[in-house]
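Please report on the fold, the surface and the charged contacts of this chain. Keep it brief.

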Amino acid sequence: SGCEFTCVRNDSSAWESHERDFAVTHTRLINKQLKLTLSELTSTKEELKCTKKELKLTKEDLKSTKEDLKSTKDKLKSAEEQLTSLKSEYSTKAELSAVAAQSADMMWKL
């Protein structure tokens with residue numbers, strides 16, 4: 001019966017040792033996973049910083065493009081006003097030319 005007690009005790013001690021080893025191994029695995037997760041989070045944080053910078057640049061590009069479009073719109077409006085003025089001037093010249101032609105025709109008839 002003494003042997004039986006020793007064997008059971010040895011088995012129990014071996015089991016406790018196995019449980020400790022398992023707990024240590026499990027803890028190490030968890031720590032490695034946490035380090036990997038931390039590394040991934042750091043990487044993601046850096047990627048987000050880059051994305052934020054790219055978005056800021058894109059926003060600035062869009063603002064610049066908007067200003068360019070406004071400038072182009074203003075130039076087009078100015079050109080349209082000049083064209084309207086030229087049309088009006090041409091129309092007036094055409095009318096004067098028609099009146100002059102009529103006057104010349106009338107003078108010949110007299």
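How exposed is Asp74, by relative accessibility? Asp74 counts as partly exposed, at 44% relative accessibility. That value belongs to a predicted model, as do the others in this report.

**Overall build**

The chain holds one helix and zero strands. Helix α1 covers residues 2-109. The chain has 110 residues, and buried residues make up 0% of them. Buried here means under 20% relative accessible area. The accessible surface comes to about 10,800 Å². Carbon and sulfur atoms account for 61% of that surface.

**Salt bridges**

How many salt bridges does a search of the whole structure find? The search finds three.

| Salt bridge | Distance, N to O |
|---|---|
| Lys49 and Glu46 | 3.7 Å |
| Lys70 and Asp74 | 3.5 Å |
| Glu89 and Lys93 | 3.5 Å |

Take Lys49 and Glu46. Their side chains meet in a salt bridge. What separates the two residues along helix α1? They are three residues apart in the helix, so about one helical turn lies between them. Lys49 is partly exposed, with a relative accessible area of 41%. Glu46 is also partly exposed, at 40%.

Next come Lys70 and Asp74. The closest N and O atoms of this salt bridge are 3.5 Å apart. Lys70 and Asp74 sit four residues apart in helix α1, which means a separation of about one helical turn. Lys70 counts as exposed, at 53% relative accessibility. The cut-off for exposed is over 50%. Asp74, at 44%, is partly exposed.

The last pair is Glu89 and Lys93. Their side chains form a salt bridge at 3.5 Å, N to O. Both residues lie in helix α1, four residues apart, or about one turn of the helix. Glu89 counts as partly exposed, with 40% relative accessibility. Lys93 is exposed, and its relative accessible area is 51%.

**A positive patch**

Which residues gather in a patch of positive charge on the surface? They are Lys52, Lys56, Lys59 and Lys63. Patch residues need over 30% relative accessible area and no salt bridge. Lys59 is one of the four patch members. Lys59 lies in helix α1. Is Lys59 buried or exposed? Lys59 is exposed, with a relative accessible area of 62%.

**In brief**

The chain has one helix and zero strands. Buried residues make up 0% of the chain. Three salt bridges are found, and four lysines, Lys52, Lys56, Lys59 and Lys63, gather in a positive surface patch.

Terms used:
Residues are numbered from 1 along each chain as its sequence is written. This is a predicted model: local features need pLDDT of at least 70, side-chain atom pairs count only at pLDDT 80 or more; totals for chains, interfaces and linings use all residues. Side-chain values use heavy atoms; hydrogens and water are left out. Buried means under 20% relative accessible area, exposed over 50%, partly exposed in between (1.4 Å probe, protein chains only). Accessible areas come from the Shrake-Rupley method with a 1.4 Å probe; for residues, only the protein chains shown count as cover. Patches are made of residues with over 30% relative accessible area and no salt bridge: like charges are joined within 9 Å, nonpolar side chains (Val, Leu, Ile, Met, Phe, Trp, Tyr) within 5 Å. Lys and Arg count as positive and Asp and Glu as negative; His and the chain ends are not counted. The place of a charge is taken as NZ of Lys, CZ of Arg, CG of Asp or CD of Glu.
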